[in-house]
Amino acid sequence: MAKLKFFGGVDQIGGNKILLEEKGTRILLDFGQSFDFGTEYFTGWLSPRGINGLGDHFEFGLLPGISGLYAKDQLEKTGFPYCEPEISGIFLSHGHFDHVAHICFVDPKIPVYLGVGTKLFLESMEETSNFCDYKDHTYRTFRTGHKIKLNGIVIEPVHVDHSIPAAYGFIVRTKNSTIAYTGDLRLHGPRRDLTEEFIEKAKAAEPDALICEGTRMALKENRKNYSELHVEQRSNRIVSSTDKIVFVARYSRDLDRFRSFYNVARENKRKIVITPKSAYLLSKVTVDEHLNLPDPMKDEHVLVYFKRKRSGKYDDSDYSPWERPFMNKMVSCDFVRKNQSRLIMDLDFYQLAELIDIQPDAGGHFIHSMSEPFSEEDVEEEVLRNWLKHFGLKFHQLHASGHLNRDQINKLVNDVNAKQVFPVHTENAGLFRQTCKNIKLPKREREYKI
Ligand SMILES: [Zn+2]
């Protein structure tokens, strides 16, 4: 009999950490960090100290005490004994930090299984960020339909559509049980067919347990239920009706969103201006032709914005080695100022100061293509509004979620028709009971027999 234990993603969005065990073989599905991780004890620059390994986390019970999982050096200051690996593999559904971030504490002897694309995303994060280090691991990449056998357990990754490429659900077969895990998924993105294929396969597998995400399981949703196509069409309307500059704030790794704005730019004979970080990520993932994305080095519609750094004179030596290859496509604030009617430019919140150098003409547009703020008193929201007012830019909110809406979740759960359903990645697990049968509300660290 297989056993499931949930160490994260329970009554919270993100932080999925799901342990599956049968006859001494143990695997983990995702090992991420929740969005509210540690906020009771840490804030801003007060954060867990790297020098103390897992010591600061264990002090407040922020990570579970699982034996045979963590790296030796991470446990040194904790009193938690190190032992040789007792986990056969960690399976990552996709590259978002709420599914992967905590692998940095894991024993490098434990293999980490992940999509070919997910590996590229993790590498890109490490190479372009000063704060990201997943540490050393033995990575084993998979593609959809592969079957990975670990002792008696067979894990089949099946692609799904989500707001980052290379996202997967898993169908796991143990000797006596079948478990389907959705990861994060949606049906209103450009690759709806991938999610449909996962649902079909999960249904055909007649699972004993379905572990289902419920990010948007809520009585009432205040946000707009846009699809990716809606976002593209509405952006197109904004861009086609102005001769002023259009700025866009989007999640850097949401390449479907990049593609939407790239299409809008071409449609309106504009060029799209991206950051060196985005250019680096794009040039890395364009090797995967499935993604149908432009190579920023070659595509004439893509330009790369360089901020002034160090010398302030755009010297090669001002920039990191990974940024320099894109200097061939470099544009500066002067170029942007002189070509406002011909550009769509990425500009996220932390780059707003570039507006001071660009000095855009009043009447331009700012499309906030990310989730709306979670609270009324969001400080960043107010600061953003002040900047836009100062420069006379018009604010637009246009975003499509990476997750199924409530009706789609209900339909998935009822279609798959598993004997037990465990809602995860949700603050409203109880709502599943109103419309679906066989719902088991998981309790953190309790064991469930499948
Ligand atoms: Zn995600």
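Predicted model: local features only at pLDDT ≥ 70, side-chain atom pairs only at ≥ 80, totals over all residues.
How many salt bridges does a search of the whole structure find? The search returns 26 salt bridges.

The zinc ion has four protein donors: His-94 through NE2, His-96 through ND1, His-162 through NE2 and Asp-184 through OD. These atoms lie 2.2 to 2.4 Å from the metal. Along the chain, the donors follow the spacing H-x1-H-x65-H-x21-D. The arrangement of the four donor atoms is irregular because the angles subtended around the zinc ion run from 88 to 174°, whereas a tetrahedral assignment would need all angles to lie between 85 and 135 degrees.

Side chains of opposite charge can pair when their charged atoms come close. Arg-173 belongs to strand S9 (residues 167-173) and Glu-156 to strand S8 (residues 153-160), so the contact ties together parts that are 17 residues apart in sequence. Arg-173 is partly exposed, its relative accessible area being 30%, while Glu-156 is buried at 5% relative accessibility.

A salt bridge is also formed by the side chains of Glu-228 and Arg-257, with an N to O distance of 2.8 Å. Here the elements tied together are helices: Glu-228 lies in helix H6 (residues 228-240) and Arg-257 in helix H7 (residues 255-267), 29 residues apart in sequence. Glu-228 has a relative accessibility of 4% and counts as buried. Arg-257 is likewise buried, with a relative accessible area of 0%.

The side chains of Lys-298 and Asp-295 meet in a further salt bridge, at 3.8 Å from N to O. Lys-298 counts as exposed, with 71% relative accessibility. For Asp-295 the corresponding value is 21%, and this residue counts as partly exposed, because the buried class is limited to values under 20%. Salt bridges with shared partners also occur, joining Lys-119, Glu-123, Glu-127 and Lys-284 into one network.

Definitions and conventions: Residues numbered from 1 in each chain as written. Heavy atoms only, no water. Donors = N, O, S within 2.8 Å, 3.2 Å for Na, K, Ca; no water. Tetrahedral: all angles 85-135°; square planar, octahedral: opposite > 155°, others 65-115°. Salt bridge = Lys/Arg side-chain N within 4 Å of Asp/Glu carboxyl O. Helix = DSSP H or I, 4+ residues; strand = E, 2+ residues; numbered from the N terminus. Buried < 20%, exposed > 50% of the residue type's maximum accessible area, 1.4 Å probe, protein only.
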